[in-house]
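This briefing is meant for a reader who is meeting the structure for the first time. Please look over the sequence and the model below before turning to the notes that follow.

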Amino acid sequence: MEANSTFDETYELLFPLIYRFVSIRIPKPDVEDVTAEIIVKVWRGLPNMEKKTALKSWALKIATHQIADYYRSHKRIPVMTLEDTPLPMTQQSDQSETWATLLSVKETLAKLSPQQVNVIQLRLIEGFSAGEAAEILGTTQQAVDSLLYRAKKGFRKIYQGNLDRGGRVR
């Protein structure tokens, strides 16, 4: 991305990534506003950015700081609620098993620490390398690897604890 890129170009490129990142960390009514604020900060900072190839990781680093600012100003604890996370569109008439699985995954993620949710999203959902995730989170690659291991282990333990003996989600 060029330093003289239009706001619309920057918005189109970054909106899906930033929106997904923000949507599991901020209450639903504020997601679009916070996402827009982040994209504006990124766009304004483009002329000063040294490595244009690292735009997405730099934008997520700004997003991390903006989310922290949001909670400092709102004096709320970051919690991912089930109501705040969009559910999949139904394509078949009976999607009860898909919905139940999704709800169980959401409940499990809500029980993990914010750092664990961050590393799961960056590494497993967004596909960033451990080095890129470390840069975004302001830590080392080894710390990211360790955190991801603990997050996956904790997720597995909590998720399996949510299943009843019949194999259905509680």
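Tyrosine 70 and tyrosine 71 are both buried, and their rings, with centres 5.0 Å apart and planes at 90 degrees, form an edge-to-face pair because planes over 60 degrees apart count as such. The model is a predicted one, and in it the secondary structure of the chain comes to seven helices and zero strands.

**The chain as a whole**

- Read from the N terminus, the elements follow one another as α-α-α-α-α-α-α.
- The chain has 170 residues, of which 35% are buried.
- When contacts between residues at least 6 apart in sequence are considered, 62% of them join residues that are at least 24 apart.
- The chain exposes about 10600 Å², and carbon and sulfur atoms supply 53% of that area.

- Helix α1 covers residues 7-23 and has a kink of about 50 degrees at leucine 14, which lies shortly before proline 16.
- The buried residues of α1 are Thr10, Leu14, Leu17, Ile18, Phe21, Val22 and Ser23, so the residue at the kink, leucine 14, is itself one of the buried residues because its relative accessible area is under 20%.
- The cover over these buried residues includes α2 (31-45), α3 (55-74) and α5 (114-125).
- Valine 22, one of the buried residues of α1, touches Val31, Val34, Thr35, Ile38 and Ile67, when residues up to four places away in sequence are not counted.

**Aromatic rings**

- A search of the whole structure finds six aromatic pairs.
- One of the pairs joins phenylalanine 15 and tyrosine 19, whose ring centres are 5.3 Å apart and whose planes stand at 35 degrees, so the pair is tilted.
- Both of these residues, phenylalanine 15 and tyrosine 19, belong to helix α1, where they are four residues apart, or about one turn of the helix.
- In general, an α-helix has 3.6 residues a turn, so residues three or four places apart point the same way.
- Phenylalanine 15 counts as partly exposed because its relative accessibility is 23%, and tyrosine 19 likewise counts as partly exposed, at 27% relative accessibility.
- Phe15 and Tyr19 also take part in one aromatic cluster, together with Phe7, Tyr11 and Trp43.
- The ring of phenylalanine 21 has the charged end of arginine 25 sitting over it, at 3.9 Å from the ring centre.

**The nonpolar core**

- The largest nonpolar core has 36 residues, and those with the most contacts inside it are Ile18, Val22, Ile26, Ile38, Val42, Leu60 and Leu122.
- At least two residues of this core come from each of α1, α2, α3, α5, α6 (130-137) and α7 (141-161).
- Helix α3 gives the most to this core, with eight residues.

**A residue in the loop between α6 and α7**

- Threonine 140 has its place in the loop between α6 and α7, and it is partly exposed because its relative accessible area is 42%.
- Threonine 140 and alanine 130 are ten residues apart in sequence, while their C-alpha atoms are 8.6 Å apart in space.

Key
Residues numbered from 1 in each chain as written. Predicted model: local features only at pLDDT ≥ 70, side-chain atom pairs only at ≥ 80, totals over all residues. Heavy atoms only, no water. Bend = angle between axes of the 7 residues up to and from the residue. Buried < 20%, exposed > 50% of the residue type's maximum accessible area, 1.4 Å probe, protein only. Contact = heavy atoms within 4.5 Å. Areas by Shrake-Rupley, 256 points an atom, 1.4 Å probe, with all protein chains shown as cover. Phe/Tyr/Trp six-rings, centres within 6.5 Å; stacked < 30°, edge-to-face > 60°. Lys NZ or Arg CZ within 6 Å of the ring centre and 35° of its normal. Core = buried A, V, L, I, M, F, W, Y, C linked by side-chain atoms within 4.5 Å.
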